[in-house]
Amino acid sequence: MGSKYTKRYTEEFKRDAIALVDSSGKTVTAVARELGISSESLRGWYRRAKAGQGEGAPGELTSAEREELRRLRRENREQQQTIEILKKKATAFFVKESDR
């Protein structure tokens, strides 16, 4: 099991670590060991950075596409809530009209 304390790394540190992997020709594991960080953390940062540049695995979303998907899902959720409210109001209106 991992530590109960999670280390936080700055974006600058992550960018530098990713650049070191690219420029050194060393494996992600070797660079992570040199920097004293988890190889899985560095591997995740590296994979997300490559996907963000459009160099990820086939079908993997870029960071811009991921953000757009998040935004569209939020908009969809808000619109569904609006539709539900309008349905309830319309039902109440027609019940009130039919009582006249």
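1. Arginine 71 first. At 32% relative accessibility, arginine 71 counts as partly exposed. The cut-offs: buried means under 20% relative accessible area, exposed means over 50%, and partly exposed lies in between, with a 1.4 Å probe and protein chains only. Its partner in a salt bridge is glutamate 68, with the closest N and O atoms 4.0 Å apart. A salt bridge here is a side-chain nitrogen of Lys or Arg within 4 Å of a carboxyl oxygen of Asp or Glu. Glutamate 68 is also partly exposed, at 41% relative accessibility.

2. Basis of the model. This is a predicted model: local features need pLDDT of at least 70, side-chain atom pairs count only at pLDDT 80 or more, and totals for chains, interfaces and linings use all residues. Residues are numbered from 1 along each chain as its sequence is written, and side-chain values use heavy atoms, with hydrogens and water left out.

3. Overall make-up. The protein chain has 4 helices and 0 strands. Along the sequence the pattern reads α-α-α-α. Helices (H or I, at least four residues) and strands (E, at least two) are DSSP runs, numbered from the N terminus. Of the 100 residues, 13% count as buried. Take the contacts in the chain with a separation of 6 or more: residues 24 or more positions apart account for 31% of them. Contact means heavy atoms within 4.5 Å.

4. H1 against H2. Helix H1 covers residues 11-24 and helix H2 residues 28-35; they pack at an angle of about 130°, with their axes 10 Å apart. That makes H1 oblique to H2. Axes are lines fitted to C-alpha atoms, for helices over the stretch in contact, and angles run from 0 to 180 degrees between N-to-C directions. Angles under 35 degrees count as roughly parallel, over 145 as roughly antiparallel, 65 to 115 as roughly perpendicular and the rest as oblique. The crossing of H1 and H2 is right-handed. On handedness: a crossing is left-handed if the near helix is turned anticlockwise from the far one by less than a right angle, and right-handed if clockwise.

5. Residues at that contact. H1 brings Phe13, Ala17, Leu20, Val21 and Ser24; H2 brings Val28, Val31 and Leu35. By class, this contact has 7 nonpolar residues, 1 polar and no charged. Ala, Val, Leu, Ile, Met, Phe, Trp, Tyr, Cys and Pro count as nonpolar, Asp, Glu, Lys and Arg as charged, and the others, Gly among them, as polar.

6. H1 against H3. These helices pack at about 85°, with their axes 10 Å apart. That makes H1 roughly perpendicular to H3. Phe13, Lys14, Ala17, Ile18, Val21 and Asp22 in H1 meet Leu42, Trp45, Tyr46, Ala49 and Lys50 in H3. The contact of H1 with H3 holds 8 nonpolar, no polar and 3 charged residues.

7. H2 against H3. The angle is about 120°, and the axes are 8 Å apart. H2 is therefore oblique to H3. Their crossing is right-handed. From H2, Val28, Thr29, Val31 and Ala32 touch Ser39, Leu42 and Arg43 of H3.

8. Salt bridges. The whole structure has 8. One joins the side chains of glutamate 34 and lysine 26, at 2.5 Å from N to O. Glutamate 34 is partly exposed, with a relative accessible area of 49%. Lysine 26 is partly exposed too, at 38%.

9. Bridges within helices. Glutamate 40 pairs with arginine 43, the closest N and O atoms being 2.7 Å apart. Both lie in helix H3 (residues 39-52), 3 residues apart, about one turn of the helix. Glutamate 40 counts as exposed at 55% relative accessibility, whereas arginine 43 is partly exposed at 30%. Back to glutamate 68 and arginine 71: both lie in helix H4 (residues 63-98), 3 residues apart, about one turn of the helix. A network of salt bridges links Glu68, Arg71 and Glu75.

10. The loop between H3 and H4. Leucine 61 lies here. Leucine 61 is partly exposed, with a relative accessible area of 33%. Which residues does leucine 61 touch, not counting residues up to four places away in sequence? They are Ala51, Arg66 and Leu69. The C-alpha atoms of leucine 61 and alanine 51 are separated by 6.4 Å, the two residues being 10 apart along the chain.
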